[in-house]
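Please open the model in your viewer and keep the selection tool at hand. The stops below say what to select next and what is there.

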Amino acid sequence: MKDINLANFSKFRNQKQQGYINVSGTNIKLPITIICGKKEGKTALITGGVHCAEYVGIETAIELSKEINPEDISGNIIIVPLINRSGFENRTMSVVYEDGKNLNRVFPGNAEGSVSEKIAYFMEKELFKISDYYIDLHCGDGYEELTPYVYYQGVASEDVTSKSKQMAMAINPKYVVESQSNSGGAYNYAGSIGLPGILIERGCMGKWSKEEVEEYKIDVKNVLKELNVLSGEKVDRNNDTKVITNTIYENSMYTGCWYSNYKVGDIVSKGDELGTVKDYFGNILHTCIAKVDGIILYQVGSLSILKDGPMITYGEI
């Protein structure tokens, strides 16, 4: 595959280019597909693998890069299926191999920083600046289980928030979550600089299946159709979508063993015992109590749990 130069990429009307693009200041080359439609229009950016063990999103992006053709789009679609390539190739799960940092926590990055900071800086300066919309594909990491849902940018300008919510609703999911942060993630940071975006969660526990990927491709194509970038009719899943504006993120106060009392997607009531953290002798260190009535969106699915790390998240509905 050839090296790709993003300068004047849109001059290749009605063409698909595939190759690698270098992250400045590193030896990392990321796979990239640029599809320039037959008609002019907006540019949609799709990324996967910000967390490198979130395989459903990665495979979805790979398959979309093969399946979408220039004659079916107006504008451009840029697909980078594996942002954390070195982590993927070294199976580091949540972090970048070279520096051990969570890429989704270092935006806007730094051209003179560590490798993860250089990747974040590259994303902003090379990818965000040429895009009109952003779709970031995630799923539960190797230790997380979740029910499918989508985040939209709740802390941004009115125009960005409105467009982001429109994108999220186009998926026709069961649950749409309003983010209450303008940092702590590529899509949140994108919103803070005026780029409407969403983060989709589908799949979990370091696994992937063809069925999940097919559903994920419907998600992305529905958004692209809503934006008039991709032709065709959206798929209606007949869901009674619920918008969640209050999300409770519970982190563990201890390192030890995690025992959940519920499954993702379960409805819980305020005061319910969601689960316990125990030491290596089976003694209870902490019991997590629901603060509101809600739906469990994701939780640690492994026995191991780390101090200050994620434990369980639920949204008030």
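Which residues does Ile 289 touch, not counting residues up to four places away in sequence? Select Ile 289 and you will find that it touches Glu 250, Gly 271, Asp 272, Glu 273, Leu 274 and Tyr 314, where contact means heavy atoms within 4.5 Å. Before moving on, note that this is a predicted model, in which local features need pLDDT of at least 70 and side-chain atom pairs count only at pLDDT 80 or more, while totals for chains, interfaces and linings use all residues. Residues are numbered from 1 along each chain as its sequence is written, and side-chain values use heavy atoms, with hydrogens and water left out.

Ile 289 belongs to strand 16 (residues 284-289); strands (E, at least two residues) and helices (H or I, at least four) are DSSP runs numbered from the N terminus. Its relative accessible area is 37%, so Ile 289 is partly exposed, a class that lies between buried (under 20%) and exposed (over 50%), with a 1.4 Å probe and protein chains only.

Next, select Asn 104, in the loop between helix 2 (85-90) and helix 3 (115-127). Asn 104 is buried, with a relative accessible area of 4%. A polar atom of the Asn 104 side chain lies 2.9 Å from the backbone nitrogen of Ala 186. Leaving aside neighbours within four places in sequence, the contacts of Asn 104 include Val 50, His 51, His 138 and Leu 199.

Now colour strand 9 (175-179). Because 5 of its 5 residues are buried, strand 9 is largely enclosed by the rest of the structure. Tyr 175, Val 177 and Ser 179 lie on one side, with Val 176 and Glu 178 on the other. In a regular strand the side chains alternate between the two faces of the sheet. Strand 8 (residues 149-153) pairs with strand 9 in the parallel sense over 4 bridges, pairing being called when DSSP finds at least two bridges, and Tyr 151 stands opposite Val 177.

The largest share, 3 residues, comes from strand 12.

Note on methods
A polar contact is a pair of N or O atoms within 3.5 Å; within protein, one must be able to donate a hydrogen and the other to accept it, and residues adjacent in sequence count only if both atoms are side-chain atoms.
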